[in-house]
Amino acid sequence: MQIDPATLSRRDGYFLMITAIVPRAIAFVSTTDPSGLTNAAPFSYFTGVSSSPPTLLICSSRRREGLKDTHRNILATGEFVVNVVVEEIMEAVVIGGTDHPPDVSEIELAKLRTAPGVKVKAPLLLDSPVNMECRLTQVLEVAGSAVIVGEIVWIHVRDDLVIEAPSTGGAPASKVIDVSRLKPIGRLGGDQYVRPGVIFEKKRG
């Protein structure tokens, strides 16, 4: 089948992309507004940008009624936390992905445990094993979506997930996260998600 994207409706183009670009990591983003009201929402258009300084991005599409709460809060405060999604918080992710009025805290609605950040005011979600505190660096408007770029200024990792990677080429060993223990959840299309399957290694020649 050959497809000309110009012939697709916005809806059809969206569903084609989210079922072709899979699996996608999920950023469960926690924020707070200037008055202190908390918010949490999942974003699967999400990836790393740079490792020095550590930088990531999330993409937030615009709604007819305006900006998403997460987007608006980040613009207002310049801060957010990306929490890695694991199966234990999937119910909260579904709640966070459902539309709620701006004065409703998805964090409170999902009864998530929180803690204050070290360098940002946005809360950490304690039931997530990895939390990345971020400060906004720039927002790019691309094709009706906002590409929100943030520098990671502090990282929290559950102790049992950290291992040493074998040394290669005489370089010192590095501390890394054991993905087989982390067991992150990936996003597919619609209401479909995926658990980690077979993890394999193929070294570069």
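This is a predicted model: local features need pLDDT of at least 70, side-chain atom pairs count only at pLDDT 80 or more; totals for chains, interfaces and linings use all residues.
## Nonpolar cores

The largest nonpolar core has 33 residues. Within this core, Phe 28, Leu 56, Ile 58, Phe 80, Val 82, Val 85 and Leu 112 touch the most other members. Several elements each supply at least two residues of the core. The strands are E2 (27-32), E3 (38-43), E5 (54-61), E6 (79-84), E9 (130-142) and E10 (145-157). Helix H3 (90-96) contributes at that level too.

A second core is separate and has 5 residues. Among them are Val 81, Val 120, Ala 122 and Val 153. In soluble globular proteins, nonpolar side chains tend to be buried together.

## Helix H2

Helix H2 spans residues 69-77. Its buried residues are Asp 69, Thr 70, His 71, Asn 73 and Ile 74.

## Aromatic pair

The count of aromatic pairs is 1. The ring centres of Tyr 14 and Phe 15 lie 5.2 Å apart, with the planes at 70°. Planes over 60 degrees apart count as edge-to-face, so this pair is edge-to-face.

## Salt bridges

The structure holds 7 salt bridges. One of them joins the side chains of Glu 87 and Arg 195, at 2.7 Å from N to O. This pair links distant parts of the chain, 108 residues apart. Glu 87 sits in the loop between E6 and H3. Arg 195 sits in the segment after strand E14 (193-194). Glu 87 is partly exposed at 41% relative accessibility, whereas Arg 195 is exposed at 55%.

Another salt bridge pairs Lys 175 with Glu 164, at 3.6 Å from N to O. Lys 175 lies in strand E12 (residues 174-177) and Glu 164 in strand E11 (residues 162-165), so the bridge ties together parts that are 11 residues apart in sequence. Lys 175 is exposed, with a relative accessible area of 63%. Glu 164 is exposed as well, at 52%. Lys 203 and Glu 201 also meet in a salt bridge, at 2.7 Å from N to O. Lys 203 is exposed at 67% relative accessible area, and Glu 201 is exposed at 63%.

Conventions: Residues are numbered from 1 along each chain as its sequence is written. Side-chain values use heavy atoms; hydrogens and water are left out. A nonpolar core is a set of buried Ala, Val, Leu, Ile, Met, Phe, Trp, Tyr and Cys residues joined through side-chain atoms within 4.5 Å. Buried means under 20% relative accessible area, exposed over 50%, partly exposed in between (1.4 Å probe, protein chains only). Helices (H or I, at least four residues) and strands (E, at least two) are DSSP runs, numbered from the N terminus. Rings of Phe, Tyr and Trp (its six-membered ring) pair if their centres lie within 6.5 Å; planes under 30 degrees apart count as stacked, over 60 as edge-to-face and the rest as tilted. A salt bridge is a side-chain nitrogen of Lys or Arg within 4 Å of a carboxyl oxygen of Asp or Glu.
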